[in-house]
Amino acid sequence: MPKTTPRARPSGLPRGFTSTWRRKLFGPLPFRMAPMAAIFLDLYGVLADGTVMDPAYNVRMAEILHRRYGGSLDAWCSLQLESYAWYQGEGAKLDARPGHEREGDAWVEAVQRMFADQVRWMFERANLPMPPDPVRFAEDLEAETVRGIDALYPDAKPAVAALRSAGHRLFLSTNANRSNAESALIGGGVRDLFDGLVMLETGRAKKDRAYYWRRAFEIADAEPADAWAADDVARFLAPAAELGARCVQLIRPGMTRERGPYPVIESLAALPEMLDD
């Protein structure tokens with residue numbers, strides 16, 4: 001029945017009274033709040049500066065090993081640098097594997113074997129006995145190392161705080177393992193601003209795999225259409241975009257990156273404003 005008929009109004013009230021009352025109590029808000037999103041932020045290149053982390057990482061890890069095992073600090077620094085170069089070379093070999101070999105349990109196990117092999121590589125050259133659990137040793141050593149380093153870009157902490165204040169849910173999106181990824185957030189003082197971590201142990205794939213992003217959306221309990229992803233590497237965004245997420249490529253001044261078909265920003269400070277539009 002139309003609301004303008006007498007039966008749609010309280011008895012005895014003038015025509016239009018009911019609709020006026022409703023407008024006063026339930027009328028439109030003076031501003032429109034943007035819908036809250038699940039936001040996936042990459043670690044190195046978006047939140048943290050690898051050019052700050054890498055040298056600090058090598059020195060700090062060498063200092064920890066020197067305290068534990070003695071010897072020359074300079075020798076440990078040299079050995080750590082050499083082992084890091086070895087690690088990067090082995091990592092490139094893993095990345096070159098066919099796509100299906102870069103996802104699932106096989107991928108996680110391959111990366112963890114590389115961690116163990118790096119420990120073996122170092123300890124053999126230092127003439128030290130191998131730790132009984134080299135994977136656990138590597139993870140604990142890395143966590144202790146990275147937690148003591150703040151490598152966040154200057155714009156990272158204010159931008160993350162702004163996104164969080166706006167009500168968005170934040171998730172770290174990285175290829176790194178927990179001992180590096182979570183520790184980098186702890187070192188930067190922003191771990192408590194993140195709702196979850198999508199990393200080696202939880203994403204269980206390389207970021208250029210749809211497998212990774214499906215798990216990411218499951219972890220966030222979010223539909224891809226309600227998600228945003230920010231990364232400096234376009235190929236890591238491609239599967240997220242194909243699944244329906246909105247993607248932003250962050251290319252900081254001085255970075256050399258292949259541009260993808262996504263909006264490009266030069267600072268993380270620009271992301272909160274994009275989400276408000």
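Student: Strand S5 spans residues 246-250; how many of its five residues are buried?
Tutor: The model is predicted: local features need pLDDT of at least 70, side-chain atom pairs count only at pLDDT 80 or more, and totals for chains, interfaces and linings use all residues. Residues are numbered from 1 along each chain as its sequence is written, and side-chain values use heavy atoms, without hydrogens and water. Buried means under 20% relative accessible area, exposed over 50% and partly exposed in between, with a 1.4 Å probe and protein chains only. S5 is largely enclosed by the rest of the structure because its buried residues number four.

Student: Which residue of S5 is the bridge partner of Asp231?
Tutor: Strands (E, at least two residues) and helices (H or I, at least four) are DSSP runs numbered from the N terminus, and two strands pair if DSSP finds at least two bridges between them. Strand S4 (residues 227-231) and S5 run parallel, joined by four bridges. In S5, Asp231 is partnered by Gln249.

Student: Which residue of strand S6 stands opposite Gln249?
Tutor: S5 is also joined to strand S6 (residues 264-265), in parallel, by two bridges. In S6, the residue opposite Gln249 is Val264.

Student: Which residue in S2 stands opposite Phe40?
Tutor: Strand S2 (residues 169-173) has four of its five residues buried, so the rest of the structure largely encloses it. S2 pairs with strand S1 (residues 38-42) in the parallel sense over five bridges. Opposite Phe40, S2 places Phe171.

Student: Which residue of S3 is the bridge partner of Leu172?
Tutor: S2 and strand S3 (residues 196-198) run parallel and are joined by three bridges. Together with helix H7 (residues 178-188), they make a right-handed β-α-β unit. The S3 partner of Leu172 is Leu197.

Student: What separation in Å lies between the C-alpha atoms of Gly189 and Asp150?
Tutor: Gly189 sits in the loop between H7 and S3. Its relative accessibility is 46%, so Gly189 counts as partly exposed. Asp150 is 39 residues from Gly189 along the chain, and their C-alpha atoms are separated by 7.8 Å.

Student: Are H2 and H3 parallel or oblique to each other?
Tutor: Axes are lines fitted to C-alpha atoms, for helices over the stretch in contact, with angles from 0 to 180 degrees between N-to-C directions. The axes of helix H2 (residues 50-69) and helix H3 (residues 73-95) come within 8 Å and cross at roughly 130 degrees. Angles under 35 degrees count as roughly parallel, over 145 as roughly antiparallel, 65 to 115 as roughly perpendicular and the rest as oblique. H2 and H3 are therefore oblique.

Student: At roughly what angle do the axes of H4 and H5 cross?
Tutor: Contact means heavy atoms within 4.5 Å, and the H4 residues meeting H5 include Phe115, Val119 and Phe123. Helix H4 (residues 105-125) and helix H5 (residues 134-147) are roughly perpendicular to each other. Their axes come within 8 Å and cross at roughly 85 degrees.

Student: What percentage of the residues of the protein chain count as buried?
Tutor: The protein chain holds 11 helices and six strands. Of its 277 residues, the buried share is 46%.

Technical notes. Right-handed = clockwise from strand over helix to strand, strands pointing away.
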